[in-house]
Amino acid sequence: MSTTTQELPTTGREIQLASRPHGEPVPENFRLAEAALPALEDGQILVRNQFISVDPYMRGRMNDVKSYSAPFELDKALDGGATGEVIASRSAERKVGDVVVHSQGWREYGVVSAAETTLARTDLAPASAFLGALGMTGLTAYSGLLKVAGFKKGDAVFVSGAAGAVGSMVGQIAKAMGASRVIGSAGSAEKVAKLLELGFDAAFNYHDGPVAELLQEAAGDGGVDVYFDNVGGSHLEAAISVMNLRGRVAMCGAIEQYNSTEPPKAPRNLALAIGKRLRLEGFLVGDQREHAAEFAGRMGPWLADGTIHYDETIVDGLENAPQAFMDLLNGANTGKMLVKISD
């Protein structure tokens, strides 16, 4: 068990949910506040956060509805993935100076159980990578493609939202493991160019026309065997139309409808799944932790030898976290969207 003799903070800034968004979040839904830090109990550590993650799934938690994850509470700090340095410890598992990954994001300091943290191997990669390529983002991509969609060498793969943190990993993993063709969709010409740099065989800007037509052109006569869905809606409908017999869909996200105030429309061509014998399966990364060691064993070497690259969009300052989140939902990021809190 280790402690520190330095003067410790007794308060810290945090971002609270001031009101629940209706449609797209606005700045007034958030509040920057100062809050007292609780005294450490046995087994706990105090972490000075360096980076926090803002992610699309957080939009759903801002609604007061029953879901797979509890809604954020009004007038309390939001939470999410974070990395930071241990500055005080009452645990034998973590010492002062360790860099850890934990779930007390959206704030300057986190008081967390040491058992609920993992060490960030900063000798292998920067701490921020453990919120992205080497963290839940990478595991989402890896397990969704291989374990949920059952990707196999020679499959043709389509990834929506492909310039985002998860999507860009999916496409590169598919290429690394022998995909016959990888297609990505993104929201700008710049992002399309980035996907081609990353090794995607084809990519299109979904603002350039009907998604179904753009995807059909990109897929050609070969069709698609695996669709990794980050968007839902019109992208899912388009994918169903070009899926090959016994195609598989890994449903990871539905960002197209996260801010919608109207009930979403199901894909109008869903009946095609019957004749094509398609499999559509939703998944959560929390159910995929059994594959974490396998994932780390592959992703580490891929990053080291340059097989896979990752991008980060970093916004400075806790006070700018709400804007970073809103920008994320509007596609302003390339790769992982992070907020830098401290050095």
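This is a predicted model: local features need pLDDT of at least 70, side-chain atom pairs count only at pLDDT 80 or more; totals for chains, interfaces and linings use all residues.
**Entry 1: H5 against H6**

I started where Val211, Ala212, Leu215 and Gln216 in H5 meet Ser234, His235, Ala238, Ala239 and Val242 in H6. Contact here means heavy atoms within 4.5 Å. Sorted by class, the residues of this contact are six nonpolar, three polar and no charged. For the classes I count Ala, Val, Leu, Ile, Met, Phe, Trp, Tyr, Cys and Pro as nonpolar, Asp, Glu, Lys and Arg as charged, and the others, Gly among them, as polar.

Residues are numbered from 1 along each chain as its sequence is written, and side-chain values use heavy atoms, with hydrogens and water left out.

Next I looked up the geometry: H5 (residues 211-219) and H6 (residues 233-242) pack at an angle of about 40°, with their axes 9 Å apart. That angle makes H5 oblique to H6. Under 35 degrees counts as roughly parallel, over 145 as roughly antiparallel, 65 to 115 as roughly perpendicular and the rest as oblique. Axes are lines fitted to C-alpha atoms, for helices over the stretch in contact, and angles run from 0 to 180 degrees between N-to-C directions. The helices (H or I, at least four residues) are DSSP runs, numbered from the N terminus. H5 passes H6 in a right-handed crossing, that is, with the near helix turned clockwise from the far one by less than a right angle.

**Entry 2: H2 and its two partners**

I then followed H2 (residues 136-148) to H3 (residues 165-176); their axes come within 8 Å and cross at roughly 50°. H2 is therefore oblique to H3, and this crossing is right-handed. On the H2 side I find Thr137, Thr140, Ala141, Tyr142 and Leu145, facing Ala165, Val166, Met169, Val170, Ile173 and Ala174 of H3. The classes come to nine nonpolar, two polar and no charged residues.

With H8 (residues 292-304), H2 packs at about 110°, the axes lying 10 Å apart. So H2 is roughly perpendicular to H8. Gly138, Leu139, Tyr142, Leu146 and Lys147 of H2 touch Ala292, Glu294, Phe295, Arg298 and Trp302 of H8. I sorted these into six nonpolar, one polar and three charged.

I looked for cavities (on a 1 Å grid over the protein atoms alone, sets of points where a 1.4 Å probe fits but cannot get out; lining residues have an atom within 4 Å of a point). There are two of 30 Å³ or more. A volume is the space filled by probe spheres set on the points, which are joined across faces, edges and corners.

The largest cavity holds about 60 Å³. Its lining includes Thr137, Ala165, Ser168, Met169 and Asp311, and H3 gives the largest share, three residues. The second largest cavity holds about 40 Å³, with Ser168, Lys194, Leu198, Asp311 and Gly335 among its lining residues.

Last, a pocket (an open set with protein on both sides within 12 Å along at least five of seven lines).

Technical notes:
Helices (H or I, at least four residues) and strands (E, at least two) are DSSP runs, numbered from the N terminus.
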